[in-house]
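Trainee: Can you walk me through this one? I have the files open.
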Amino acid sequence: MSDNPYQNDRGNKDWSIAKPGGTGEMTAAPGTGHAMNTSEAFLIGDTMTGGYGSGPDILHDCTIAVNPGEIAVIVGPNGAGKSTAMKAVFGMLNVRQGSVRLDGEDITDLSPQARVAKGMGFVPQTNNIFASLTVEENLEMGAFIRRDDIRGTMEQVYELFPILKDKRRQPAGELSGGQRQQVAVGRALMTQPKVLMLDEPTAGVSPIVMDELFDRIIEVSRTGIPILMVEQNARQALEIADKGYVLVQGRNAHTGTGKELLADPEVRRSFLGG
Ligand SMILES: Nc1ncnc2c1ncn2[C@@H]1O[C@H](COP(=O)(O)OP(=O)(O)O)[C@@H](O)[C@H]1O
Ligand SMILES: [Mg+2]
């Protein structure tokens, strides 16, 4: 069995994070703009084209993916379609072309709720907590699909985010921005997800709180849960990213390891402020 405290035996069985020697998943050539071998990725939104309702396409052949043991980061300018790509992977968008696959299964036609049941955890960019409910009630709501005992998972969330234990009886809306993001991530972990998707988990927090949140996210990833996240703090996020995607106008503009993107002059000039 795994030693991932957030998962039971529903979880994905590939604990590559726990194996010494790194992931070795990517085949990207040095430099960026090259296709990476993501076709067998654990979670992939593959060449997705689509938009909201019957509106125009926002995404154009957009691909984002993540593998066990990895943190994959999506960066790009405001309005590039980062949140839209996440929503597409989570089933909140009409994907007209392309597909979404989880652990080899085509889930393109599943509802968001069915995707949660399959093991996807999603923390949206906005409205990601119930402000009037207590911290603990938020975590309980997160576990809505479970029929088994959730107390162990709740203790693990409290171990990851000790401040939430102290504040468990307080309305979540009274917490600081960074603490509310912890509630949102904790809520998603309560379903024991096989993969975690985070849309701007550090939005609106101070640099110190951002560093702390990144540390906790790394900790979660080390338990074996692949993490696909959007970040506006591009440089810092790429520093912890195994894989990075730069999206521009709904398209993949640059793809590579975090290191490659950080070293790419074009990416630096256009997206990282030189
Ligand atoms: N609910 C929505 N309905 C229609 N258009 C939307 C909606 N949400 C976002 N958009 C549009 O989709 C484009 C991409 O937005 P978004 O994915 O939120 O960008 P990002 O997250 O990269 O800042 C923008 O042009 C935005 O106006
Ligand atoms: Mg967004």
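Trainee: What order do the strands of the open sheet have?
Mentor: The order is β6-β7-β8-β3-β9-β10, six strands with mixed pairing; strands pair if DSSP finds at least two bridges between them. Helices (H or I, at least four residues) and strands (E, at least two) are DSSP runs, numbered from the N terminus. This is a predicted model: local features need pLDDT of at least 70, side-chain atom pairs count only at pLDDT 80 or more, and totals for chains, interfaces and linings use all residues. Residues are numbered from 1 along each chain as its sequence is written, with chains lettered from A and ligands numbered from 1 in the order in which they are written.

Trainee: Which are the edge strands?
Mentor: β6 (120–123) and β10, each of which pairs on one side only.

Trainee: And which strands does α1 touch?
Mentor: α1 packs on the sheet against β3 (71–75), β6, β7 (195–199), β8 (227–230) and β9; contact requires C-beta atoms, placed from the backbone, within 7 Å. The direction of α1 makes about 150° with that of β7. Axes are lines fitted to C-alpha atoms, for helices over the stretch in contact, and angles run from 0 to 180 degrees between N-to-C directions.

Trainee: How do β9 and β10 pair?
Mentor: Antiparallel, over five bridges. Leu247 has Asn252 as its bridge partner in β10. Two residues lie between the strands of this hairpin, and Gln249 takes a positive phi near 50°.

Trainee: Switching to ligand 1, which helix gives the most to its shell?
Mentor: Helix α1 (residues 82–90), with three residues. The residues surrounding ligand 1 include Tyr52, Asn78, Lys82, Ser83 and Thr84; being near means a C-beta atom, placed from the backbone, within 6 Å.

Note on methods: Contact = placed C-beta atoms within 7 Å.
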